[in-house]
Amino acid sequence: MPADRTEHTIAAISTPPGSGGIGIIRISGAQALTVLQRLFRPHDRSCRFRSHQLYYGHIVLPGDDRIVDEVLAVFMQAPRTYTREDVVEIHCHGSYLLLSRILELILAEGVRLADPGEFTKRAFLNGRIDLTRAEAVIDILAAKTRKGIDQAQAQLAGALYQRIEGIRRGLMQMKAFIEVAIDFPDEDAEIVDHAHLDQILQEQVAAPLQALIASADQGRIVRDGISVVIAGVPNVGKSSLLNALLQEERALVTAIPGTT
């Protein structure tokens, strides 16, 4: 096994625990296709695993070909994948016991169980996404409101990255001017235009940063939602108001004080 953990082929169940119609196991790394070929028997035995194409077949026990499950499998060749490594996905029935069994077979082939978030970590380390987009993936998964999803999708598309990149370009421009002045200290003419540097600092760095800071609380509310307390003396209509807001009979409404 390679000493560097980033060189390991990794695998994990990619769908939430529980029962469902479909469950997905993802494998990423140099051995992904080899492992698939060991465990997967395509219905068309002549298939050559073209990239990004689904194949129907069965996961079988190595050695005796006993069927474990009927599945769809897809091989995605690097770099056109989420991690920019070779990636395999196995779509099987969504029984957690079945998913665990298939994952055990994959790990028995020398594959390492992925750490939490490691697929996204590899996408970041391999340059497919920047840190803002990596955080957007987490925000999409954890979003509690529709606006939160919309905000995270915009961030995944690069909205926050573009704003930060503009600030970085301003800082790099200032750095270039200052380094020239340091490298040529004996020049008679004034190399650094302090007024121009101040303009860059204010317009391209300070103002955008202040705008980002000012919008942070609003973004947090959009992402997480807000907690609201409906308070009042007994029998003033708190439960009725709650039901009206939710448009469903969530709280019990009665004339007896203190029932809710």
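Visitor: Are F49 and Y55 buried or exposed?

Guide: In this predicted model, a residue counts as buried when its relative accessible area is under 20%, and both F49 and Y55 are buried.

Visitor: How many aromatic pairs are there, and at what angle do the planes of F49 and Y55 lie?

Guide: The count comes to two aromatic pairs. Ring planes over 60 degrees apart count as edge-to-face; the planes of F49 and Y55 stand at 65°, with the ring centres 5.4 Å apart, so this pair is edge-to-face. Ring pairs also join F40 with F49 and Y55 in a cluster.

Visitor: Which residue has its charged end over the ring of Y161?

Guide: That residue is R133, whose charged end sits 5.1 Å from the centre of the Y161 ring, while R26 lies over the face of F119, at 5.4 Å from the ring centre.

Visitor: How many salt bridges does a search of the whole structure find?

Guide: The search finds 13 salt bridges, and one of them joins E109 to R38, with the closest N and O atoms 3.1 Å apart. This pair links distant parts of the chain, since E109 is in the loop between helix 2 and strand 7 and R38 is in helix 1, 71 residues apart.

Visitor: Which residues are linked with E118 in a network of salt bridges?

Guide: The network links E118 with E85, R112, D115 and R122. Within it, R112 meets E118 at 2.7 Å, N to O, and R122 meets E118 at 3.5 Å. R122 and E118 are four residues apart in helix 3, so about one helical turn separates them. R112 is buried at 12% relative accessible area, E118 is buried at 7%, and R122 counts as buried at 3%.

Note on methods
Residues numbered from 1 in each chain as written. Predicted model: local features only at pLDDT ≥ 70, side-chain atom pairs only at ≥ 80, totals over all residues. Heavy atoms only, no water. Phe/Tyr/Trp six-rings, centres within 6.5 Å; stacked < 30°, edge-to-face > 60°. Buried < 20%, exposed > 50% of the residue type's maximum accessible area, 1.4 Å probe, protein only. Lys NZ or Arg CZ within 6 Å of the ring centre and 35° of its normal. Salt bridge = Lys/Arg side-chain N within 4 Å of Asp/Glu carboxyl O. Helix = DSSP H or I, 4+ residues; strand = E, 2+ residues; numbered from the N terminus.
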